[in-house]
Amino acid sequence: MRGTTPRREQGMADPVLASMVHAMGLETARHYTAATPKIQAYRDSWVKLAKFRDGPVNPQHVEVSDPATVAQQIKAKAMALGANMVGICRLQPHMIDLGEDVSHEFVIVACVAEDYERVLHGASAVEEEAMRAYAKCTEIATALAAHVRNLGYPARAHHNGASEVQAIPIFYQVGFGELGRNGSLINEKYGASFRPGFVTTDLPLVEDRPREFGVQDFCMNCNVCQLNCPGDAISKDHVVTRGIKRWLIDLEKCYPYSRLRDEYCHLCVDVCPYNVKSHPETFKAFMKERKQVGYKTPTSW
Amino acid sequence: MEKLYVNEIGSNGEASTVGLFYSRGEAEQIIAQLQRIPEKSDCRYEIVEIASGSSSTDLSQA
């Protein structure tokens, strides 16, 4: 199956970032050179695991008579490996990178929630936590793909180290939530404070369904991420893709804060009110602290 | 830096935003790749330039 969705390259392979960095007379973005040893170790971990994302399939495969039971077992396995949310859907062309060919029928997504308490410890702590979650997702996806191949079915892990799939359309299709104004998918429990790993496979499974619980309508009225984005990179108006509202992030405005400084910027995720459901006290403390230094909140608050 | 939306218009006239791009070359390259996909042979594409200083346009109202 050929992919149809353009992928924006990450790091210096991204032409927008590269042109901004070169215009500053630099060779690379400060965000990447300023990584702490811990963050660098997390990044190295997914590079190392990239070569294990696919492998030989057990020639004696387990017969599947009840895909629903197998789906539950796969989800339980992913949770036992450390995932906080697991979903399954049929792989579709718009979930695959433009030009890439992935022949598998299903995609499993396993997400690890970030520890939202870290927001109170500042930008570096938030970044370390995000990278920890990505590294954990890489481990889970790698182990889950190996488990499925051991059952006798092809399976490939997709994670920060190497991937041909797109996170957001898969999140939406498995029912993790809806797209929010900050460009991330918003889950009712974790907001956008979670990171994913994926496994594509031909193991017969039962798919989950999209779930809508009012995020897009909420975002139409709440603009706290837009009000507080230091780069004014979050748009007021939305566009529509396949009937789904999207607020596209302006990278030219985002990168000076998220890539060209030493410190991370995770603010649009941290201020999202959907964090309040899982961490009510921390969210209130975080926003109170931020308001004291001039952060804005909607007039309806 | 110029800002350009690429929109996909299906055979039924339904418009869908592919993404926001920052050079005409990048936008045209994406369109060329999309046009090579047999399932999208009925689609047409348009590049919409965003006025300088604006981060977005509400294309759903267009």
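Student: In the largest nonpolar core, which residues touch the most other members?

Tutor: A nonpolar core is a set of buried Ala, Val, Leu, Ile, Met, Phe, Trp, Tyr and Cys residues joined through C-beta atoms within 7 Å. A residue is buried if 20 or more other C-beta atoms lie within 10 Å of its own, exposed if 12 or fewer, and partly exposed in between, with C-beta atoms placed from the backbone. Here the largest core has 95 residues, and V107(A), I108(A), A110(A) and L144(A) touch the most other members. Helix α5 (residues 123-150) of chain A supplies the largest share of this core, 13 residues.

Student: How should I read these labels, and what kind of model is this?

Tutor: Residues are numbered from 1 along each chain as its sequence is written, while chains are lettered from A and ligands numbered from 1 in the order in which they are written. This is a predicted model, in which local features need pLDDT of at least 70 and side-chain atom pairs count only at pLDDT 80 or more, whereas totals for chains, interfaces and linings use all residues. Helices (H or I, at least four residues) and strands (E, at least two) are DSSP runs, numbered from the N terminus.

Student: What does I108(A) touch?

Tutor: Two residues are in contact if their C-beta atoms, placed from the backbone, lie within 7 Å. Leaving out residues up to four places away in sequence, I108(A) touches I74(A), V86(A), I88(A), L144(A), F198(A), V199(A) and T201(A).

Student: Why is chain A described as being as compact as a globular protein of its length?

Tutor: Chain A has 11 helices and eight strands. Its radius of gyration (over C-alpha atoms) is compared with the globule rule, 2.2 Å times the number of residues to the power 0.38. For chain A the radius is 19 Å, close to the 19 Å given by the rule for 301 residues, so chain A is as compact as a globular protein of that length. Buried residues make up 46% of those 301.

Student: In what order do the four strands of the open sheet in chain A stand?

Tutor: Two strands pair if DSSP finds at least two bridges between them. The order is β1-β2-β6-β3 (chain A), with antiparallel pairing. β1 (85-90) and β3 (155-158) of chain A are the edge strands, each pairing on one side only. Four bridges join β3(A) to strand β6 (residues 194-201) of chain A; A155(A) has T201(A) as its bridge partner in β6(A).

Student: At about what angle to β6(A) does α5(A) run?

Tutor: Axes are lines fitted to C-alpha atoms, for helices over the stretch in contact, and angles run from 0 to 180 degrees between N-to-C directions. α5(A) lies across β2 (106-113), β3 and β6 of chain A, at about 20° to β6(A). Helix α6 (residues 167-174) of chain A lies across β1, β2 and β6 of chain A, at about 95° to β1(A).

Student: Why is α6(A) called largely enclosed?

Tutor: Six of its eight residues are buried, so the rest of the structure largely encloses α6(A). Among the buried ones are F171(A) and Y172(A). Just after α6(A), G175(A) takes a positive phi of about 90°.

Student: How many residues does each chain give to the contact between chains A and B?

Tutor: Chain B gives 20 and chain A gives 21. On the chain B side, β2(B) gives the most, with five residues.

Student: What is the mean pLDDT of chain B?

Tutor: pLDDT is the predictor's confidence in each residue, from 0 to 100. The mean for chain B is 84, and 82% of its residues reach 70 or more. Over residues 55-62 of chain B the pLDDT is below 50. Where pLDDT is low, the predicted coordinates should not be read in detail.
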